[in-house]
Amino acid sequence: LLLLLLFFSSSVMCQSVDFNDWSYAEAYGKYYLFQQKGIEVSNCDEVPHLYVTIDKESTNIEILLRGALYDEYTGDEVKVKVKYRRADGTFFTGYGADVDVIEFNSYVYTNADGVYFLLLKPIKFSIIDMFTAGLYASDQVYFQTSLNGEDKVIRYSLKGYDKAFDYFDTKYDENINPF
């Protein structure tokens, strides 16, 4: 049964539609937009994958990093800072010049397969803003994670995110239940 479940989960996620550096998939009652080609900027042993998940029924949006970032994780909240980069090399947050960085708390959890996920929890700013405007209007996104004084920085290309988002948007509109 476990092997069948693993095969099923692998085959569902493999049935994705690719848009440059981003992919779209549906599984487990969720839509997924994901990028598996992150690049270490500073201090990473493993570069996690970036996932945006949207629950089909509740439309709850989650942004998470999939992969082990901290070997000695003890359950403390991981602080996360996010900045976007335009094609001209300038950094921005999407909230104007008075907001230097978007900050999140997050927590780490593992699934049944022992895979680590770092789930972002908004402090002041909305996940929906990041999901729609921020990622859609940028060339790259940078994440700095901090735990017990140890910082790690990863960047992800956003080439194709707009197309993956538009594809999701079309699929979502096709599946709206009017009842």
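Trainee: How many cavities of 30 Å³ or more does the count come to?
Mentor: We are looking at a predicted model, where local features need pLDDT of at least 70, side-chain atom pairs count only at pLDDT 80 or more, and totals for chains, interfaces and linings use all residues. Residues are numbered from 1 along each chain as its sequence is written, and side-chain values use heavy atoms, leaving out hydrogens and water. A cavity is a set of points, on a 1 Å grid over the protein atoms alone, where a 1.4 Å probe fits but cannot get out. By this rule, the number of cavities of 30 Å³ or more is 1.

Trainee: How much space lies in the largest cavity?
Mentor: Grid points are joined across faces, edges and corners, and the volume is the space filled by probe spheres set on the points. For the largest cavity, that space is about 70 Å³.

Trainee: Which residues touch the most other members of the largest nonpolar core?
Mentor: A nonpolar core joins buried Ala, Val, Leu, Ile, Met, Phe, Trp, Tyr and Cys residues through side-chain atoms within 4.5 Å. Buried means under 20% relative accessible area, exposed over 50%, and partly exposed in between (1.4 Å probe, protein chains only). Among the 40 residues of this core, the two that touch the most other members are Leu33 and Phe143.

Trainee: How are the rings of phenylalanine 19 and tyrosine 167 set: stacked, edge-to-face or tilted?
Mentor: Rings of Phe, Tyr and Trp (its six-membered ring) pair if their centres lie within 6.5 Å, with planes under 30 degrees apart stacked, over 60 edge-to-face and the rest tilted. The structure holds 17 such pairs. Phenylalanine 19 and tyrosine 167 are 5.4 Å apart centre to centre, with 50 degrees between the planes, so this pair is tilted.

Trainee: How many residues apart in sequence are the parts that this pair ties together?
Mentor: Phenylalanine 19 is buried at 15%, whereas tyrosine 167 is partly exposed at 28%. Phenylalanine 19 lies in strand β1 (residues 17–19) and tyrosine 167 in helix α3 (residues 161–174), so the separation in residues is 148.

Trainee: Is threonine 53 buried or exposed?
Mentor: Threonine 53 sits in strand β5 (residues 49–55). Not counting residues up to four places away in sequence, Threonine 53 touches Lys30, Tyr31, Tyr32, Asn60, Ile61 and Glu62, where contact means heavy atoms within 4.5 Å. At 5% relative accessibility, threonine 53 counts as buried.

Trainee: How many of the chain's 179 residues, as a percentage, count as buried?
Mentor: The protein chain has 3 helices and 12 strands. Of its 179 residues, the share that counts as buried is 40%.

Technical notes
On a 1 Å grid over the protein atoms alone, a cavity is a set of points where a 1.4 Å probe fits but cannot get out, and a pocket is an open set with protein on both sides within 12 Å along at least five of seven lines; lining residues have an atom within 4 Å of a point. Helices (H or I, at least four residues) and strands (E, at least two) are DSSP runs, numbered from the N terminus.
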